[in-house]
Amino acid sequence: MLSWEYDEYIRSHIENLISKLPDGCKVYILHIADVEYINLRENKIHQGLATDIKTNLHVITSVFSSLGDYARAISRIKYEVFDFDIIHAHDWMSGIPSIIAKLAYIKPFVLTFYRLGAKNNDKNLISLSIEGFERYSCNQADALILHDKGLRKYIFEAYGIPWEKIYVTPEWDGIVDIYKEVLEK
Amino acid sequence: MISWEYPPRIVGGLARHVFWLSKELGNIGVEITIVSLDHPLAPMFEKQGKNTIVRCLSYRFPSPDFITWVYQFNCWMLEKILTELRNDYDIIHVHDWLTAPIGLTLKHIFRKPLVVTIHSTEYGRRTGIHNDFQKHIHEIEWKEVFEAWKTIVCSEYMKKEVIAAFNVPLNKLSVIPNGVNPVSLDQKADIIEARSRYAEPWENIVLYVGRMVFEKGVHILVESARQLLSRRWDVKFILVGEGPLRANLTNSIEKIGLGNKFYFPGFLTDEEVKVLYNICDIAVFPSLYEPFGIVALEAMSAGKTVIASDTGGLSDIIVHGFNGLKVSPSSSIDLEKAIDYLLNHPKERSRMGHNGLNTVYEKFSWKSIARHTKKIYQRVLEEYNKGSWKPN
């Protein structure tokens, strides 16, 4: 499970998701380390990434200057902890390192959006670039899991993502079946 | 080997460096795959001798600034490497900060050793770190050097600069100079004909090649020339290159009525510059900051005497009075005296030019540079193979 932020909002969503997973299912959560460390459940492992790059001009430079840190943490999980089955990113920012992991280790990659840069009315070169990365992440994802149907319609129309690749589950109901379906594909 | 420029995509000196280094490494049995950016005149996949060139799209969507564009193409290059090359290589070699995120990511994701070449630093290029953009680049450079198994720099001067800027342990750094290809013309007749296009038979040609920017000290050369031309009239100054200072310099020269003693041809092709190296009498490089100074070597390879600032890589290359003259950086008076001295002493000029040519052949051939680089690769692989940091 990769996230950029790990604030109350994202944490409550991920806690809820984990509660829907069967016992024995291991989850490793990676995010940028500026929040408190909390073990969600005994069999869930949690790690914040520390990045040495301090001067981040905007969110895009932050993402790419921490790409090596994400790669280091992902490879430590793969080579030293357990060989995971699925990568689930919780925004486009963690979507970029997830794409790296997907392509490097040939693993399925699932992406969840809670909000979209494309829906931002304030258009400038940064937001257009963010839109580009959102579209790129959507294209690379094996499945998109969203919480509301409106967002599904928007991603379908704005980013041209196939309808059948986008799943909508408001409370992560059926998440295990979605994971299984993605793994089978 | 990962580089954002590779011929025919030439932005600065990096493209030529990567081209010749990889070519000569290929000739001594090191198989190189170069990953670079697209160019309208080049295929996306190409075999050049034993080497493979893979090119990626450089543009997919808008970016607000240069750094963001750099990160965008890092993303496309990574995608290409991961899908087409996977982990089918032993060492990752990146040049400068522009492809650092790729190097760092591949290093960790496949646990392969990373070698970095630092051609110049943001700190040195701008004589300090003055804004957030620079600070970001500086920190990326630091991280790249920190994570590298070995860092290669092109001169003793750059070694000191990298140690000072990034606090790198000495044993992580190796000095391998840049290489140069001889630029001497085969036919003497070509030289006489070409010379007549640029200067009168009684005029001596003083040549400058480089970007028209402050750090190259071209404004100091113009000041020296102005002083010299007040005493002697038998000199023509040819200043090759583009940059923000060019318009100001040409305007100021026109104003004082010396327009016919200067020629600013702008950017020239390699072939045209080669001709100028061969027809000039003296080549001058008055840089204030110069990590290496490949242009000085090119002039020396044409057998020409070089006058250069006693700074950076130029200090390593020039032995004062043997293969050229060194002058204090930013001293137009010193530079004027040195030009005047060489114009008055043609035998000395010839002796130093001859010694310069020998220096290039002995120390700065691409074959020798490739051999040094191969040794570093071998040492890195030996250390890597002994260690436990590997994928399993």
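**Entry 1. Salt bridges**

I take a salt bridge to be a side-chain nitrogen of Lys or Arg within 4 Å of a carboxyl oxygen of Asp or Glu. The model is predicted, so I note that local features need pLDDT of at least 70 and side-chain atom pairs count only at pLDDT 80 or more, whereas totals for chains, interfaces and linings use all residues. Residues are numbered from 1 along each chain as its sequence is written, chains are lettered from A in the order in which they are written, and side-chain values use heavy atoms, with hydrogens and water left out.

I looked up Lys185(A) and found its side chain in a salt bridge with that of Glu181(A), at 3.8 Å from N to O. For accessibility I use relative accessible area: buried is under 20%, exposed is over 50%, and partly exposed is in between (1.4 Å probe, protein chains only). Lys185(A) is exposed at 71%, and Glu181(A) is partly exposed at 34%.

I read helices (H or I, at least four residues) and strands (E, at least two) as DSSP runs, numbered from the N terminus. Arg115(A) is exposed at 52%; Glu5(A) is partly exposed at 34%.

Arg60(B) lies in the loop between β3 (51–56) and α2 (66–85) of chain B and Glu79(B) in helix α2, so the pair ties together parts 19 residues apart in sequence. Arg60(B) is partly exposed, at 36%, whereas Glu79(B) is buried, at 19%.

**Entry 2. Interface of chains A and B**

I counted contacts (heavy atoms within 4.5 Å) and found 36 residues of chain A touching 35 residues of chain B. The two chains bury about 3100 Å² between them, 68% of it on carbon and sulfur atoms; buried area is the accessible area (1.4 Å probe) that two parts lose on being put together, summed over both.

I found 3 salt bridges across this interface. Among the pairs is Glu147(B) with Arg72(A), whose closest N and O atoms are 3.1 Å apart. On the side of chain A that touches chain B, the elements giving two or more residues are α2 (59–65), α3 (67–81), α4 (92–105) and α5 (125–140) of chain A. Of these, α3(A) gives the most, with 10 residues.

**Entry 3. Cysteines**

I looked for disulfides (a pair of cysteine sulfur atoms within 2.5 Å) and the count over all chains is 0. Cys75(B) is in no disulfide, and the nearest cysteine sulfur, that of Cys56(B), is 11 Å away. I recorded Cys75(B) as buried at 4% relative accessibility, and Cys25(A) as partly exposed at 26%.

**Entry 4. Ala33(A)**

I located Ala33(A) in the loop between β1 (27–32) and β2 (44–49) of chain A. At 28% relative accessibility, Ala33(A) is partly exposed. The C-alpha atoms of Ala33(A) and Leu103(A) are separated by 25 Å, with the two residues 70 apart along the chain.
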